[in-house]
Each structure stands twice: as structure tokens, then as C-alpha cells.
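Subject: Structure handover

Hello,

I am passing on the structure we talked about, with notes on what turned up in it. Please look it over before reading on.

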Amino acid sequence: MEEKITMVHGSGGRATGELIGELFAKEFDNEILRQMEDSAVVKATEKIAMTTDSFVVTPLFFPGGDIGRLSICGTVNDLLMRGAKPKYLTCGFILEEGLSIRVLADTVHAMSQTAKEAGIQIVAGDTKVVEGNGGMYINTAGVGVFEKDRELSAKKIKSRDVILVSGTMGDHHAAILGERMNIDTDIESDCAPLTEMVSNLMESDIGLHAMRDVTRGGLATVLKEMAVSSGSRIKLYEENIPVTEKVRDFSGLLGLDPMYMGNEGKLVVFVEAKDKERALEVMRNSKYGENACAIGEVTPGQAGELIMQTRIGGEREMDILQGEGLPRIC
């Protein structure tokens, strides 16, 4: 019979210790975590970046990823977007009674492998068990350090900056929705840590001003927020927005707009116009960036405005996502 999580696993006693020792400590092993103290003591620079996120996605496993990989990617990518190098991560698990221990083990293994790929150490964690129907929720917090005095921010966006995107839009959203609706597609999530790409951009002699990962709310929401926070006017070109044919067909069938569909392994970059081609070269030669392209620019005009030039030459003003962007993608 398959072993399940029970309330005793959250008691703090022998069962808890066995779960920690045989699963979490084994997968996340490193010299800091191995000390098993009440808090982790780590080295950092004077200025650090910190972030936290919670992951409640359904289903737990989906084409191209799972809640474990997602929980590492989401936090790592948030640190990277400020120009920080991801260093340390904590994770808290809320496990519902009845969760398969095999499912938990697969999730933890995915987290371990993704953390190694992202170059971040898991240094502390916590586990709680609650009544329920076999679900799982993960909270992560991350710390990144600034190896160079080069902090990125929407406040640094300048007029005439060019806007680049690292790949196609809507893949993660479509993968989750297809799985939940039992629609037979071969669309996979783009869930990925962007450490290599961002590191390559940061180390290049490029006029790099701001970055954001394209997650909940999609590309339109992200860029509208950046237009507002930077006091800029952003113009996009619809014909340049990359969307796979599969996602375009899927979204058309369900009446969705790929501009408002989320990803979990894509970023937008604001760079000086003179560095456009160099930045694209760096992104295309980095893991997960082979489909990078230019999609727009910062233009003179109404501050906080996001405009899309359509394929037929008209203009469409775009805003943040309104209402609930089903399904929950993270």
C-alpha cells in the first residue's frame, strides 16, 4: 500500500524526524543545512535582495514541470530581475493529510535539481501537516547578493529604450489550463530558472536598465505596471510578440488573449537602443533564450501608457488584467 502523509508526520516527533532526515535533508543536503540549527547562518554582502512567494498550483504535476520546480524558479527569477545573484533559499511545506509520500518525494527531488541548476542553496525549511485531501502548498523565501553595484529597477527605464522578450508568451498558462480541463494538447510549461541568461546579460557591456519576469497577469500587465512605475510610455508591435502556433490556437479556442497569459520562464528586458543586437545575441546564446526578440520601445508621450500597434496598423491601449486570471498558475 502506498504510504501517505498523516497528522503524525506534523507532530514534531519520530515520524517528523524521519520525514526530514530521509527526504528533505537527503535531497537538500549542504554544509549549512546539515547543521540543523534553529536558523541558518550565511555570508552576504552589504546590500542584498530578498523575496518570498507561495505556490498553490493545481495540478501539482503538469506538462513541463511541477510545483517543486515552480517554487524554485519563481523565487530565483524574482531575485534575478533586480540584478542580484541568487544565493540562499528557505522553503516551508504545508502538507494535507493523505498526500502520497511518493508525490512529496518527487516534488522535493525536483526542487533539489532545480536549485542546483539555478545555483542557489536551500538552507532552511519547515513542514506542517493539516487536515485535507492530499494537497500540498509551498512557501519559499530567497536571498540574493549584488556582486557588482548594478541594481536594476523600472525607475531606470529611459526614453528610447528597446524592449526585448526572451521567448514565447502564454506557454505555462496554457499548459496548466489544458491539464485542468483535460484538453489533449502537447503544450508544455516554460517553467525555468533564468540564472544563466541574466548572468550573461549582467556580465556583458550592455546598457541594461530593467528586467521583469512574465508571470501572473501576462506580458500586458507586467509592461503596464512598468510604464506606470517608470513614468514612461511603452509602445509594442503586435506582429513582433512571439506566440507558438499551438498556444495561439489554444487561446483562440477558449477566447483567451496571450498578452494576458502567464509564463514561468520568460523575461522582458529594457536596454539602450544601441545595445539591442548585442543583448539579443547574449540572450539567444543563453539557456532558455533561443527565441529572444525585440517587441517594442519606450517612446515620448503620455506617462504610464501602454500602446499596442496592431498588425493592421491601428493602435490599442492596454491595461492590467481585469478580474481573475484563471487558472491559478503558480
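By the rule used here, the count comes to 20 salt bridges. Please keep in mind that this is a predicted model. Side chains of opposite charge can pair when their charged atoms come close. A few of the pairs are described below.

Salt bridges

R102 and D106 meet through their side chains in a salt bridge, at 2.9 Å from N to O. Both belong to helix α3 (residues 101-118), and because they are 4 residues apart there, about one helical turn separates them. D106 has a relative accessible area of 33%, so it is partly exposed, the range for that class lying between under 20% for buried and over 50% for exposed.

A second salt bridge joins D171 and K266, whose closest N and O atoms are 3.1 Å apart. This pair links distant parts of the chain: D171 is in helix α4 (residues 171-180), whereas K266 is in the loop between α7 (245-254) and β10 (267-271), 95 residues apart. Both D171 and K266 are buried.

D186 and K246 form another salt bridge, with 3.1 Å between the closest N and O atoms. D186 sits in the loop between α4 and α5 (195-203) and K246 in helix α7, so the pair ties together parts that are 60 residues apart in sequence. D186 is exposed, at 53% relative accessible area, while K246 counts as partly exposed at 46%.

The largest pocket

The largest pocket holds about 510 Å³ of space. Its lining is made of 26 residues, and those nearest the centre are L33, M36, A124, G125 and D126. Two or more lining residues come from each of α1 (14-27), β4 (85-96) and β5 (121-130). Strand β5 gives the largest share of the lining, 7 residues. Sorted by class, the lining of this pocket has 14 nonpolar, 8 polar and 4 charged residues.

A nonpolar surface patch

I94, V130 and Y137 make a nonpolar surface patch of about 210 Å². V130 lies in strand β5, the strand that also gives the largest share of the pocket lining.

Regards

Terms used: Residues numbered from 1 in each chain as written. Predicted model: local features only at pLDDT ≥ 70, side-chain atom pairs only at ≥ 80, totals over all residues. Heavy atoms only, no water. 1 Å grid on protein atoms, 1.4 Å probe; cavity = no way out; pocket = protein on both sides within 12 Å on 5 of 7 lines; lining within 4 Å. Points joined across faces, edges and corners; volume = space filled by probe spheres on them. Nonpolar A, V, L, I, M, F, W, Y, C, P; charged D, E, K, R; others polar. Patch = residues over 30% accessible without salt bridge, like charges linked within 9 Å, V, L, I, M, F, W, Y side chains within 5 Å. Areas by Shrake-Rupley, 256 points an atom, 1.4 Å probe, with all protein chains shown as cover. Salt bridge = Lys/Arg side-chain N within 4 Å of Asp/Glu carboxyl O. Buried < 20%, exposed > 50% of the residue type's maximum accessible area, 1.4 Å probe, protein only.
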